[in-house]
Amino acid sequence: MTRRIIVIGAGPAGTLLSCYLARRGFQVDVYERRPDPRLLDEDESRSINLGLSARGIKALDDLGLMETLRPLVVPMRGRAIHLPGGALPFQPYGAHEGEILHSVLRRDLITTLVDHAEAQPGVRFHFGHRLVELDREAAAVRLVTGEDEEVTAAGDAVIGADGVFSRVRAHMQRGLRADFHQEFLEWGYKELTIPAADDGSPRTRLEALHVWPGEDALIVAHPNRDNSLTGTLFLPFERFDEITDPERFLAERFPDTRELMLYLAKEFAEHPVGHLVSVRTSVWHHRDRVALIGDACHAVYPFYGQGMNSALEDCTVLDRCLGDHPDDLGAAFAAYQRLRKPHTDVLDELSKQNFVELRDRLRSPLHLARKKVDLL
Ligand code: FAD
């Protein structure tokens with residue numbers, strides 16, 4: 001009999017996992033609280049861009065998806081470091097030729113994965129459905145739609161791919177002996193655009209990850225296909241409220257942002273400040289009924305650019321464990337946690353260390369003398 005898996009959350013982890021589960025012959029129902037990203041216009045679905053690395057690419061490649069995505073990504077061949085005096089040194093990535101990162105819009109990635117998953121037999125997406133309750137013994141969920149209607153569903157297992165503030169995790173661990181450690185960084189972030197020039201060309205080197213290092217403010221920018229770049233300004237939380245003249249503030253610390261970030265004042269006023277959260281937890285599953293994947297079980301600070309990549313990598317490991325234990329979901333979930341958790345714990349540490357490297361050390365002569373930047 002065909003087994004049915006309910007996936008909560010259609011982010012990178014939930015959408016890729018649905019493709020893997022379909023290949024193993026499961027019937028898959030994915031419930032996502034947000035609307036279908038394919039039906040939103042550009043403004044409604046303003047999308048962040050993410051750095052895709054070898055781990056994420058491998059997870060996509062195993063299903064032949066990287067070929068579909070390739071026209072939608074911009075390669076980042078190294079790190080361009082913006083120094084106060086105007087110098088812009090470039091450090092190529094990787095010990096091996098061709099080792100690079102790719103910048104991809106979250107919307108493009110998700111849309112590609114949803115299209116692929118939906119084309120497989122047995123996969124259905126239910127957008128605009130928010131999980132409100134989980135019965136972990138019955139693998140049953142209660143959801144509420146955008147029209148406030150209640151929907152219930154049950155399967156052989158529920159997978160929580162619902163991100164750092166996972167409801168599935170909260171319901172699964174309630175009353176059990178479970179460890180849970182959540183940290184908020186004392187810095188937040190805001191997105192700021194570097195638009196393309198009037199003739200459509202990029203205003204700065206396109207195929208690079210741009211970094212403006214600084215002890216009390218840090219900017220990282222990824223390129224987009226339209227020759228713009230999306231910058232992320234990281235600052236201590238209280239500084240966001242104190243800054244009354246963002247153009248002056250940034251021009252003093254990072255002089256070249258004046259000619260690059262044309263909508264700075266408007267975007268600074270309008271864009272929300274995001275939180276940066278890390279999560280470590282155990283256990284990742286409840287018997288053969290519930291399991292967690294992606295940020296729901298291991299969220300990291302974004303300074304290594306590996307959160308999504310490791311969420312994608314989870315899918316390949318869980319898929320392998322399902323293959324090793326074809327008739328025992330509980331054994332597959334336990335093996336998946338055993339194999340994955342040591343890696344994601346290390347990634348948590350590295351992501352915290354890289355915050356200090358980008359912020360404090362990148363401007364040092366020792367770091368600037370480096371010929372290559374190692375990738376994870
Ligand atoms: P999410 O992307 O959070 O997706 C969870 C999904 O579940 C969402 O669609 C949400 O709407 C849905 N959901 C939540 N609750 C419910 C509910 N109750 N019912 C139904 N659906 C629900 N990672 C990288 O690898 N590279 C980068 O360059 C990078 N840059 C980053 C920059 C910033 C500023 C930040 C904050 C993060 C960055 N990350 C990066 C991390 C990356 O965004 C996350 O690790 C990744 O999105 C995790 O994917 P996920 O599918 O596990 O969770």
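**Ligand surroundings**

I began with the ligand and found 30 residues around it, of which Glu32, Gly51, Arg106, Leu131 and Met308 come nearest; a residue is near if one of its heavy atoms lies within 4 Å of the molecule. I note that this is a predicted model, in which local features need pLDDT of at least 70, side-chain atom pairs count only at pLDDT 80 or more, and totals for chains, interfaces and linings use all residues. Residues are numbered from 1 along each chain as its sequence is written, and side-chain values use heavy atoms, with hydrogens and water left out.

I then looked up polar contacts, meaning pairs of N or O atoms within 3.5 Å. A polar side-chain atom of arginine 33 is 3.1 Å from a ligand oxygen atom, while a polar backbone atom of glycine 51 lies 2.7 Å from an oxygen atom of the ligand. For aspartate 295, I read 2.9 Å between a polar backbone atom and an oxygen atom of the ligand.

**α1 with α10**

I took helices as DSSP runs (H or I, at least four residues) numbered from the N terminus, with axes as lines fitted to C-alpha atoms over the stretch in contact and angles running from 0 to 180 degrees between N-to-C directions. Helix α1 (residues 12-23) packs on helix α10 (residues 307-324) at about 25°, the axes being 9 Å apart, and the two are therefore roughly parallel (an angle under 35 degrees). The crossing is right-handed, that is, the near helix is turned clockwise from the far one by less than a right angle. In contact (heavy atoms within 4.5 Å) are residues including Leu16, Leu17 and Tyr20 of α1 and Met308, Leu312 and Cys315 of α10. By class I noted 12 nonpolar, one polar and two charged residues, with Ala, Val, Leu, Ile, Met, Phe, Trp, Tyr, Cys and Pro as nonpolar, Asp, Glu, Lys and Arg as charged, and the others as polar.

**α2 with α10**

I recorded Arg55, Gly56, Ala59 and Leu60 of α2 against Asn309, Leu312, Glu313 and Thr316 of α10, a contact of three nonpolar, three polar and two charged residues.

**α1 with α4**

Finally, I checked α1 against helix α4 (residues 106-118), where the angle is about 25° and the axes are 9 Å apart; here α1 passes α4 in a left-handed crossing, with the near helix turned anticlockwise from the far one by less than a right angle.

Conventions: Angles under 35 degrees count as roughly parallel, over 145 as roughly antiparallel, 65 to 115 as roughly perpendicular and the rest as oblique. A polar contact is a pair of N or O atoms within 3.5 Å; within protein, one must be able to donate a hydrogen and the other to accept it, and residues adjacent in sequence count only if both atoms are side-chain atoms.
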